[in-house]
Amino acid sequence: MGDGRWRSADRWRKAGSALGRVIVVWAVSTLTLLALAGLLPDFELQSSQDGDSITRTALTAGWAAGAFGLLGALVWPLIVRALLLVPALLLGLLVFFLNGSLLLLALWLIPDGRGTAEPETAVVVAAVMSAVASATSTALAVGDDDAYRRRLYRLAARRRPRAVVSPGGSGAPEASHGTVFLQLDGVGHRVLRDAVAAGLMPTVAGWLDTTHRLTPWRTDWSSQTGASQLGILHGSNEDVPAFRWYEKDTGRLMVSNRPASAVELQRRAIERTGDGGLLTVDGASRGNLFSGGAEQLALVLSMAARRGRRNRSRAGYFAYFADPANAVRTAGSFVAEAAREVVQSGRARLRKESPRVSRGGAYPVIRAFATVVERDVVVAAVIGDVLAGRTAVYADLVAYDEVAHHSGPHGRDADRVLTRLDRSIALIAEVAAHAPRPYRIVLLSDHGQSPGETFEGAYGLTLKDLVRAGCGLPVPRKVRRTPSGSEARDAARDALRSALHRPADGEDGDAAEGSGRPAGPLVLASGNLGLISFPGVPHRMTREEIDRRHPALLQTLADHPGIGFLLVASDEHGSVVLGPNGAEVPVAELADEGPLAVFGPGAADAVRRTDGFPHVADIMVNSMYDPETGRVHAFEEQIGSHGGLGGEQARPFLMSPLDLSAPPAGLAGAEQVHRVLRGWLRECAGPQVPLPQVTPARASQEISRPDIDSESLLPVDGAAGQDKTS
């Protein structure tokens with residue numbers, strides 16, 4: 001009887017506390033509206049004719065604040081669900097306007113039409129209102145354990161965690177370790193070490209001093225996310241020669257970051273391995289190109305092409321943006337990041353920094369999406385996974401890679417991104433300390449980035465221009481005026497004359513009329529790796545065939561100072577690597593010397609493996625590499641690039657807890673990394689039995705409020721810490 005009365009009193013106490021918080025938030029929102037009405041000329045809470053008393057104006061503000069809060073709670077989740085049909089990049093831009101529309105609706109609901117605002121003013125007022133309400137709720141949660149715990153668990157999907165029975169088979173179940181894999185996209189081994197030494201990443205530095213080890217690994221020839229992540233998550237990246245490539249048998253252009261291509265690559269990998277992937281057992285995939293076999297998905301590209309109820313990838317947006325405060329906060333950071341990019345690119349132009357690429361057009365918006373929206377959604381999803389006790393979580397944080405492509409991998413802009421990534425890591429680690437099971441956090445990267453001026457910036461023409469000139473095909477006048485273009489055209493002309501042979505119509509690699517295939521040589525760029533295909537020829541062309549049709553092409557490419565080596569098939573030798581000054585080595589005899597000497601250990605094995613792919617291009621072109629400066633020349637508009645061999649791009653890292661087995665020495669290739677990660681999951685899990693559902697009430701005994709600042713559970717933005725300025 002006494003226990004029942006205590007429970008009843010406790011329920012009344014909690015209900016009263018909740019009601020008190022609602023009243024406080026409403027009161028603060030009302031005062032905010034009154035202040036904004038006094039500051040903004042286009043926002044009124046009084047009658048437009050005779051004016052109102054202070055009391056009447058306050059009541060109007062209270063009505064508007066209550067209506068706006070109620071609409072936010074009831075209508076906003078429905079709006080966000082509808083927005084799942086909108087391209088993700090537009091979502092952050094729409095948040096402000098939709099929130100402003102809700103405010104206009106709330107003002108319209110005020111009796112006697114006392115509340116009015118211009119549309120642009122409504123956007124500002126709504127943003128301030130949401131931010132103030134969120135801050136007030138957070139402040140109240142600090143002093144209320146139950147509210148604090150509810151805020152944590154709203155981020156979780158409350159899936160059932162798992163545990164292992166103790167080794168003796170008796171006693172209470174002991175929770176097995178979960179594992180969180182955080183991929184810092186594009187952060188190379190050297191970049192991470194330098195960032196730690198410079199104090200840019202204090203969380204990572206603390207782990208390396210105490211609990212983690214740092215291990216470099218070597219990528220495949222195709223040093224890019226498509227190849228690396230497919231190998232890491234699905235155990236096979238066979239037949240992925242580059243970021244983009246042409247498949248002659250199907251006439252398909254494959255691009256790793258297109259949903260249709262990602263679906264096909266994942267299907268092929270599963271077919272080869274006969275296994276769903278790294279995350280098939282109670283796993284979650286967040287922000288990745290591929291699912292890894294996970295059931296829980298958010299922002300997974302290979303799932304984005306699906307239609308209907310099975311497409312759960314965009315559900316991550318709904319889970320995050322269903323909270324209007326999250327939406328406004330992230331939208332504000334989105335705008336700030338876009339503005340930051342405009343300022344930084346303008347500063348680079350004024351200082352005439354070199355190398356430099358164009359950063360105009362839509363790029364500020366693209367950068368803001370990668371560094372703010374995607375980061376916030378992915379971090380929130382990982383927090384939810386951790387609080388739900390999932391066994392394995394793999395998340396990709398792409399911010400550094402996006403910025404380093406355009407600002408350089410070692411610049412101040414990229415350093416600031418590393419600092420913000422460190423805060424995201426710290427946030428996830430803090431929450432993991434209060435999860436229903438212990439977690440091990442593994443940091444890794446899929447590739448690095450190598451600096452250097454673009455090929456076009458250094459030589460005045462693109463790789464496509466050089467190829468067309470070497471084939472004797474028309475090129476723009478400005479290309480003909482460059483030394484490289486002029487030499488290539490002269491060499492092509494002389495070679496054709498000396499050979500006294502011109503290919504018959506249709507034999508020069510052009511598509512036959514009506515074939516639907518691209519005309520002329522198809523030149524594709526993947527960082528500093530170029531791929532040249534002749535779509536009109538259904539098989540992989542050999543060196544001898546290319547020399548007969550375009551006698552000067554291979555020599556023009558191999559002798560160009562911006563090119564390191566070529567890979568081409570050969571009737572005589574199987575396949576050969578061609579280098580400058582007539583260097584020629586059959587692939588069967590290839591070693592880490594000769595044309596590949598500057599590219600370091602493992603280059604020969606990487607080239608030899610790619611040569612065996614069914615869809616390798618007719619000519620594979622790797623740019624030059626200067627080992628003293630670390631420079632390469634990207635064949636696309638990037639001053640920090642990856643995709644081929646040469647320097648830091650092929651040297652990512654693996655940072656693992658010391659209580660996991662050490663990776664093998666000389667770790668090479670994404671497929672080997674997959675085997676290491678799979679082994680760690682086996683070490684962490686063991687035989688699993690279900691645990692009872694963990695409820696917020698039960699978890700309240702496991703979460704110690706003072707150990708986490710509840711504000712840190714909100715998305716990490718640039719204002720949270722001091723940026724490096726020198």
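This is a predicted model: local features need pLDDT of at least 70, side-chain atom pairs count only at pLDDT 80 or more; totals for chains, interfaces and linings use all residues.
I looked up the strand order and found an open sheet of six strands, running S13-S14-S18-S15-S16-S17 with antiparallel pairing. At its edges I noted strand S13 (522-526) and strand S17 (584-586), each of which pairs on one side only. From one strand to the next the twist averages 20°.

I then followed strand S15 (residues 563-570), which pairs with strand S18 (residues 619-623) in the antiparallel sense over five bridges. For Val568 I looked up the bridge partner in S18, and it is Ile619.

Which strands does helix H23 touch? I found that H23 (residues 603-611) packs on the sheet against S15, strand S16 (574-578) and S18, and that its direction makes about 40° with that of S15. Helix H18 (residues 463-470), for its part, lies across S13, strand S14 (529-533) and S15, and runs at about 150° to S13.

Entry 4, helix H24. I checked the length of H24 (residues 670-684): at 1.5 Å a residue its 15 residues should span 21 Å, and this agrees with the model because the end C-alpha atoms are 21 Å apart. I next listed its buried residues, which are Ala670, Val673, His674, Val676, Leu677, Gly679, Trp680, Leu681 and Cys684. In an α-helix, residues three or four places apart point the same way, because there are 3.6 residues a turn. What covers the buried residues of H24, I noted last, includes strand S4 (178-184), helix H9 (225-234), strand S10 (392-397), strand S11 (439-444) and strand S22 (653-657).

Key: Residues are numbered from 1 along each chain as its sequence is written. Side-chain values use heavy atoms; hydrogens and water are left out. Two strands pair if DSSP finds at least two bridges between them. Helices (H or I, at least four residues) and strands (E, at least two) are DSSP runs, numbered from the N terminus. Axes are lines fitted to C-alpha atoms, for helices over the stretch in contact, and angles run from 0 to 180 degrees between N-to-C directions. Contact means heavy atoms within 4.5 Å. The expected span of a helix is 1.5 Å times one less than its number of residues. Buried means under 20% relative accessible area, exposed over 50%, partly exposed in between (1.4 Å probe, protein chains only).
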